[in-house]
Amino acid sequence: MDASTEPTELEPDDGFTPAPRVVAKPGEFRPLQIGPLTVDPPVVLAPMAGITNAPFRQLCRSFSAGRCLYVSEMITARAFVEGNAKTLKLASFGPDETGRRSIQLYGTHEGALGEAARMLVNDWGVEHIDMNFGCPVRKVTSAGGGSAIPARPKLMARIVRAVVKGAGAVPVTIKFRKGIHDELLTFLDAGRVGEQEGARSLALHARTAQQLYSGRADWNAIAELKQATKTIPVLGNGDIFEPWDALQMMRQTGCDGVVVGRGCLGRPWLFGEIVDVFDGKEPRTAPTLGEVKATMREHARLLCAFFGEKHGMAQMRKFTGWYLKGFPGAKRQLGALHMVRTMAEFDELIAPLPDALPYPMGSIRARRCKDGRPQDHVSLPEGFLECRDEDVCIDDPLEMDGG
Ligand SMILES: Cc1cc2nc3c(=O)[nH]c(=O)nc-3n(C[C@H](O)[C@H](O)[C@H](O)COP(=O)(O)O)c2cc1C
């Protein structure tokens with residue numbers, strides 16, 4: 001079993017206070033305007049590598065009547081421009097994904113990024129491009145990409161400018177972290193660059209690159225960015241696990257929209273619950289195990305249709321632990337589910353799980369996917385921080401995995 005997908009302990013109680021369970025009042029929140037795109041309610045599916053491919057986006061859309069914005073996982077600009085088959089597949093959309101075709105681009109070089117943006121808009125009909133300035137993984141930051149870039153604001157400006165130019169009328173947005181570490185916070189610089197260079201919204205994952213996914217996201221930083229940003233919407237990101245968290249983040253920080261990541265892993269219906277509370281209604285009832293099984297089956301079916309059965313079922317394995325997290329007795333099936341190869345085998349393995357079990361609400365905040373540890377240090381190219389004023393582009397890697 002892949003260690004990252006193993007069922008893990010619940011998060012330690014670090015003084016967490018649940019958000020008030022008060023639905024939105026009429027007119028309390030405005031739709032999110034990203035250039036010509038109106039997103040109502042102002043809710044965005046976070047780009048997540050290995051997760052937010054077309055099948056997963058379709059599943060999230062199906063629970064929320066397509067009303068949110070659903071961003072692809074990060075696509076490496078150079079690999080896309082060079083026609084890498086895997087990248088092209090990941091950059092593709094489902095047949096009914098129209099009006100909101102949204103893709104996240106990763107790269108370090110203005111040439112490849114600008115060209116990728118141009119191709120995505122002109123040849124692929126993409127309607128929104130998000131730029132990755134937040135990825136903290138070693139392979140990415142040591143190549144001077146992702147969350148390293150905002151530490152060089154002039155370089156960041158150059159890159160954003162190239163993508164905005166390549167995208168023409170299609171809106172470009174940027175997503176970034178608080179900074180490299182607590183002593184090198186870059187989010188206000190990143191926001192300023194975005195605003196100046198024509199980004200149409202900013203999204204802040206309120207942790208540093210060093211933190212990875214550990215600790216609590218610092219929602220005060222989201223409020224600070226919102227205060228500092230005058231001309232474009234600010235989206236908050238970090239630790240939305242329940243619909244109430246989405247409302248609370250908006251109320252507490254004054255941000256214009258929310259970005260939802262790990263909370264929907266194995267819980268794509270979270271988007272439906274969030275839409276409900278923004279509509280002023282109590283959230284729909286959490287699914288029983290029987291209903292979760294039906295969603296799992298649908299997810300597996302969509303993955304197989306998109307990737308073919310072999311690759312689709314391989315992709316499905318990591319989701320099974322997230323879907324079944326907290327259901328008594330489900331752990332027994334996980335070993336086999338993590339090796340499942342066919343849809344028929346999958347059906348057989350989940351069939352014995354009792355349909356009537358209610359959803360284990362206590363598992364909602366259980367750690368999913370990323371472990372809870374920070375990294376010792378953020379790996380950067382040699383001399384990267386000594387010349388932060390530098391704007392020379394670093395050569396693009398061919399392919400990268402997100403995080
Ligand atoms: C498995 C996984 C993959 C991710 N991949 C990306 C990515 O490709 N691009 C990106 O900008 N952020 C990526 N992220 C970060 C999320 O978009 C989001 O910023 C982060 O999970 C914090 O939000 P959350 O607390 O709602 O999960 C990834 C996160 C996870 C868990």
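Strands β10 and β11 (residues 234–237) run parallel and are joined by 4 bridges. The model is predicted.

- Histidine 205 has asparagine 237 of β11 opposite it.
- Between β10 and β11 comes helix α8 (residues 219–228), and the three elements form a β-α-β unit that is right-handed.
- Strand β10 also pairs with strand β8 (residues 172–181), again in the parallel sense, through 5 bridges.
- Leucine 204 in β10 is the bridge partner of phenylalanine 176.
- Burial of β10, which spans residues 202–208, extends to 7 of its 7 residues, so the strand counts as mostly covered.

**The largest nonpolar core**

- The largest nonpolar core comprises 115 residues.
- Residues with the most contacts inside this core are Val44, Leu45, Leu105, Ile129, Val163, Leu204 and Phe271.
- Helix α6 (residues 153–167) is the top contributor to the core, giving 8 residues.
- The core lies between domain 1 (32–284) and domain 2 (289–358), because both domains give residues to it.

**Contacts of leucine 105**

- Leaving out residues up to four places away in sequence, leucine 105 touches Ile75, Ala77, Leu113, Ala116, Ala117, Ile129, Met131, Asn132 and Val163.
- Two of these partners, Ile129 and Val163, are listed with Leu105 among the residues with the most contacts inside the core.

Note on methods: Residues are numbered from 1 along each chain as its sequence is written. This is a predicted model: local features need pLDDT of at least 70, side-chain atom pairs count only at pLDDT 80 or more; totals for chains, interfaces and linings use all residues. A nonpolar core is a set of buried Ala, Val, Leu, Ile, Met, Phe, Trp, Tyr and Cys residues joined through C-beta atoms within 7 Å. A residue is buried if 20 or more other C-beta atoms lie within 10 Å of its own, exposed if 12 or fewer, and partly exposed in between; C-beta atoms are placed from the backbone. Helices (H or I, at least four residues) and strands (E, at least two) are DSSP runs, numbered from the N terminus. Domain bounds come from an automatic or database domain assignment. Two residues are in contact if their C-beta atoms, placed from the backbone, lie within 7 Å. Two strands pair if DSSP finds at least two bridges between them. A crossover is right-handed if, with the strands pointing away from the viewer, the path from the first strand over the helix to the second runs clockwise.
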